[in-house]
Amino acid sequence: MAQPNDNKVMSAKEAVARFVHDGDALIIGNYTVGTCAELVFEICRQGRKHFTLYSQSGILDVDVLVNAGCVDRLVTTYVMRSGGKKGGGAVERALQAGSLELEDYTNFNYNARLMAGMHGFTFIPVLEGVMATDLFRKRGFMGEDKYRVIPCPYTGKQVLTVPAANPDVCIVHVQRADRFGNAQYWGAMGSVAAAALCSKRIIVSCEEIVEHDVVQSSPHLTIIPAFRVDAVVQIPWGAHPTEVLGYYNQDSFFYGFFRQFNTTADAAKAWMDEWVYGCPDREAYLDHYASRFGTGMLDKLRAKAFYSAPANYGAAFTSVWDETGRNRLLGLTLAEIEQKMAERGLLNE
Amino acid sequence: MSKPYTLNELLIITCAKEIEDYQNVILGVGLPTTAGALAKALYAPHATLMMESGIIDFQPLVPLHHIADAHSCRGFSYATDLFTAFTMTYRGFVDVCFLGVGQIDKFGNLNTTCIGDYFNPQLRLPGSGGAADFISYAKKTVLTLRGGQFVEKLDYFTSPGYLDGGDARDRSGLFPKGSGPSMLLTTKGVFRFDDLTKEMYLSQIHPGVRLEDVRKQIPWELKVSPQLTVTAPPTDAEIDFVRRFAPAESLGREAATELAIAHAMQRADARGKNGMTGQRN
């Protein structure tokens, strides 16, 4: 359950140690872009085990967690292939080894489970086309509870439903947040807000922590309110090698580099040893990157500014008293108002 | 001895004390907004104030005109929608909400829909608005009654209090355990609900009010706390805050409206305009 409006800024190490536990249902909040790479790496370093992992779309993040042996069960809609026909990657290896159970949904049906969880519903109707497919027929560890069919009370038509998801903890990377946890994100909205809001605990990592008044002047960018957030971690380049709109582009070279290693178990282990376990935190990872490839590689990825037009949140006044000390509505000073109160017998001793 | 205060000020300040630091609070319009602003300024700096329109975490600088008043503050932290504001309450993220009362029965059930027959009303009141949903799922609900009435039986059952009393609310399985109205504030005193029977009893009486004045408004045999206390008079700091934040609230709607119209007319006269007299001629 969420914490109060206090300063929740901490390191990735502390956030993971406090809020991510063995056996958790863990959800990766990001979808396809800007993934919470450093939080994923830190979870691997801390050797967490036996997750039921939720990911709308498995990319580097899912494969790294599966490579690290953190995941028993995976709920997803899409699994990245690293090496074409050659070697699919960590998820494929784990399925072949029988160390991973998988539940397959469509993008919409997966997202619907988060929406139901976010809003406190126990289930939600979804698009019924999949009833013709093996997505509906082949059940993994969820069995009967993967999908259930009920009659619509209004039309009598058969309605396909999925159960709500309320994972134990969400890890999510955003552009910016304030120290209380108000998390601001823009760009491809995906299922990011729902993934966070359906979860019991939320760890936010961000490119930068900003002053509270920055948030207050742009509340429509906030996707997670402070009172839901447990930890805020400032991690510049925290999503590398994926991209963060307004901060940096995808590092296609390094992503390809990872995929190449990820085609076999041994190579993947070597990559993990070098880039995950070999770097105690993101700063060390960036130092290591710079020492191997030079800082110029990252500099080329830095975003050039393209600011949104500011929206006007102003009001005519922010005090009921005008510049001469008179109440705007009554045209009276405080002393005059108090006199009226006395005249009308409104005052009690 | 604190400075003299108006009854409205006493009510606002008594209401504000129901908000604790770090709580998530849904504010209604009028008295609760000023109470919320006071609480945030004086007792509960970490409280998250919210409006059901989806304005989350704001600091009121001027009184709200309605529950979608972004002009009342200088920015806020999170803009969501009404649907999410309610499901947020449903999921248990709202600690306190405030509701006004049209009719109330002894178990804190409310009518804000109509007086008389529903299909042929003597008075048509506003309706549920968010009331039935908020009192269902907020951890606690603070009720305020100024123009409303106590009745044996509601003319229309809008919002669930403790249903038939006792454990009826919890037993129904429709509401979070332990939720429901925690207090009713009127111009005469403060009522609370018995832990076991859930019947309301008088817990505090405002200064200068006699017990018989309270009983006169209530059609059943009112229970009175053996530890009945007199509502504490407000402190100077509390009075100053309310009077500076919302002098019109301090005065009361009637006096404030009268003075505001007088002021507008004077201004029009001074500028050689006819004001409202122009319309009459």
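Gln103(B) stands opposite Asn111(B) in strand S8 of chain B. The model is predicted, and local features are reported at pLDDT of at least 70, side-chain atom pairs only at pLDDT 80 or more, whereas totals for chains, interfaces and linings use all residues. Residues are numbered from 1 along each chain as its sequence is written, and chains are lettered from A and ligands numbered from 1 in the order in which they are written. Helices (H or I, at least four residues) and strands (E, at least two) are DSSP runs, numbered from the N terminus; two strands pair if DSSP finds at least two bridges between them.

The pair Gln103(B) and Asn111(B) belongs to the antiparallel pairing of strand S7 (residues 103–104) of chain B with S8(B), which are joined by two bridges. These strands are part of an open three-stranded sheet of chain B with the order S8-S7-S12 and mixed pairing. Strands S8 (110–111) and S12 (149–150) of chain B each have a single partner strand and stand at the edges, so one side of each has no neighbour in the sheet.

Chain A is divided into domain 1 (12–121 + 165–299), domain 2 (123–163) and domain 3 (315–349), the bounds coming from an automatic or database domain assignment. Between domain 2 and domain 3 of chain A, the C-alpha centres are 62 Å apart. S5(A) pairs with S7(A) over three bridges in the antiparallel sense, and Phe123(A) stands opposite Pro163(A) in S7(A). S6(A) pairs with S7 (residues 158–163) of chain A over four antiparallel bridges. Within S7(A), Leu160(A) is the bridge partner of Val149(A), and Thr161(A) is that of Arg148(A). S6(A) and S7(A) form a hairpin with six residues between them, and in the turn Gly156(A) has a positive phi of about 80°.

Helix packing was examined in chain A. Helices H3 (residues 60–67) and H4 (residues 90–97) of chain A pack at an angle of about 40°, with their axes 8 Å apart. H3(A) is therefore oblique to H4(A). Axes are lines fitted to C-alpha atoms, for helices over the stretch in contact, and angles run from 0 to 180 degrees between N-to-C directions; those under 35 degrees count as roughly parallel, over 145 as roughly antiparallel, 65 to 115 as roughly perpendicular and the rest as oblique. H3(A) contributes Val62(A), Asp63(A), Val66(A) and Asn67(A) to the contact, and H4(A) contributes Ala90(A), Val91(A) and Ala94(A); two residues are in contact if their C-beta atoms, placed from the backbone, lie within 7 Å. By class, five nonpolar, one polar and one charged residues make the contact of H3(A) with H4(A). Ala, Val, Leu, Ile, Met, Phe, Trp, Tyr, Cys and Pro count as nonpolar, Asp, Glu, Lys and Arg as charged, and the others, Gly among them, as polar.

Between the chains, 34 residues of chain A are in contact with 36 residues of chain B. The elements of chain A that give two or more residues to this side are helix H8 (212–216), helix H13 (334–343) and strand S13 (347–348). H13(A) gives the most, with four residues. The side of chain A that touches chain B has 17 nonpolar, 13 polar and four charged residues. S13(A) also pairs with strand S1 (residues 5–6) of chain B, in the antiparallel sense over two bridges, and Leu347(A) stands opposite Thr6(B) in S1(B).

In chain B, nine of the ten residues of helix H1 (residues 7–16) are buried, so H1(B) is largely enclosed by the rest of the structure. A residue is buried if 20 or more other C-beta atoms lie within 10 Å of its own, exposed if 12 or fewer, and partly exposed in between, with C-beta atoms placed from the backbone. Asp57(B), in the loop between strands S4 (55–56) and S5 (78–79) of chain B, is buried, with 25 other C-beta atoms within 10 Å. Its phi is near 70°, a positive value in a residue other than glycine.
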